[in-house]
Amino acid sequence: MFRLSTKGRYGVRAMFDLALHYDEGLVSLKNIAERQEISEHYLEQLIAALKKAGLVKSIRGAQGGYMLSREPSKITIGEILRALEGSLSPSECIDDIERVDCPRAEFCVTRKVWEKVKEAIENVVDSVTLQDLVDDYKKMTADESYMFYI
């Protein structure tokens, strides 16, 4: 079964948190960790990878913190997932990063299926931005009787 690891899932939650507070400036890891119920130590690792990918920037010091490197509408979920998970391929034979040469590739009937699955996943995650998540969150929370999770 194809599943995202906690890196991908928690990373999207952390980036969502930064997007939700984008207009407020710098956000501390401690605040993100508390709001998103993510270990601060684990969050440090995720943010380091996101920073390396150019999706997050930081300022050190007592008044320091983290913020998105671009507007929430300019960062896709696909960018975040690739920064944290690597390839989104469901099979090694079509992996863009760590392609494994398969002796059956030339005559593999199922390869086309895995290519279509990969393309569908990429189309979805590349079409959703952090701003889309923020907008959805605001719609959900407008109705105070609605139970929501982030």
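Which residues of helix H2 (residues 29-36) are buried? They are Leu29, Ile32, Ala33 and Gln36. These residues cover an arc of only 100° around the axis, which puts them on the same side of H2. The arc is taken from the directions from the helix axis to the C-beta atoms. Buried here means under 20% relative accessible area, exposed means over 50%, and partly exposed lies in between (1.4 Å probe, protein chains only). Helices (H or I, at least four residues) and strands (E, at least two) are DSSP runs, numbered from the N terminus.

The model is predicted: local features need pLDDT of at least 70, side-chain atom pairs count only at pLDDT 80 or more, and totals for chains, interfaces and linings use all residues. Residues are numbered from 1 along each chain as its sequence is written, and side-chain values use heavy atoms, with hydrogens and water left out.

The chain contains six helices and two strands. In sequence order, these elements follow the pattern α-α-α-β-β-α-α-α. The C-alpha trace spans about 60 × 40 × 25 Å along its principal axes. Of the 150 residues, 31% are buried. Contact is defined as heavy atoms within 4.5 Å. Among contacts between residues at least 6 apart in sequence, 61% join residues at least 24 apart. The accessible surface of the chain is about 9700 Å², and carbon and sulfur atoms account for 51% of it. Accessible areas come from the Shrake-Rupley method with a 1.4 Å probe; for residues, only the protein chains shown count as cover.

Just after H2, Glu37 adopts a positive phi of about 55°. Helix H1 contains Asp17. Asp17 is buried, and its relative accessible area is 1%. The side chains of Asp17 and Gln36 are joined by a polar contact of 3.0 Å. Such a contact is a pair of N or O atoms within 3.5 Å; within protein, one must be able to donate a hydrogen and the other to accept it, and residues adjacent in sequence count only if both atoms are side-chain atoms. With residues up to four places away in sequence set aside, Asp17 touches Val27, Ile32, Arg35 and Gln36. Of these, Ile32 and Gln36 are among the buried residues of H2.

Leu133 belongs to helix H6 (residues 130-142). Its relative accessibility is 24%, so Leu133 counts as partly exposed. Beyond its neighbours within four places in sequence, Leu133 contacts Val12, Phe16, Ile77 and Val128. The C-alpha atoms of Leu133 and Ser73 are 9.7 Å apart, although 60 residues separate the two along the chain.

Charged pairs were considered across the whole structure. Side chains of opposite charge can pair when their charged atoms come close. A salt bridge requires a side-chain nitrogen of Lys or Arg within 4 Å of a carboxyl oxygen of Asp or Glu. Six salt bridges were found. One joins Arg70 to Glu79, with the closest N and O atoms 2.5 Å apart. Arg70 is partly exposed at 29% relative accessible area. Glu79 is also partly exposed, at 28%.

Another salt bridge links the side chains of Arg82 and Asp126 (2.8 Å, N to O). Arg82 lies in helix H4 (residues 77-85) and Asp126 in helix H5, so the pair ties together parts that are 44 residues apart in sequence. Arg82 is partly exposed at 30% relative accessibility, and Asp126 is partly exposed at 35%.

A further salt bridge connects Arg111 and Glu115, with the closest N and O atoms 3.3 Å apart. The two residues are four apart in helix H5, and therefore about one helical turn separates them. Arg111 is buried at 18% relative accessibility, whereas Glu115 is partly exposed at 30%. Salt bridges that share partners also join Arg82, Lys118, Glu122 and Asp126 into one network.

Helix H5 (residues 111-127) also holds Val117. Val117 is partly exposed, at 31% relative accessibility. Together with Val113 and Trp114, Val117 forms a nonpolar surface patch with about 220 Å² of accessible area. Patches are made of residues with over 30% relative accessible area and no salt bridge; like charges are joined within 9 Å, and nonpolar side chains (Val, Leu, Ile, Met, Phe, Trp, Tyr) within 5 Å.
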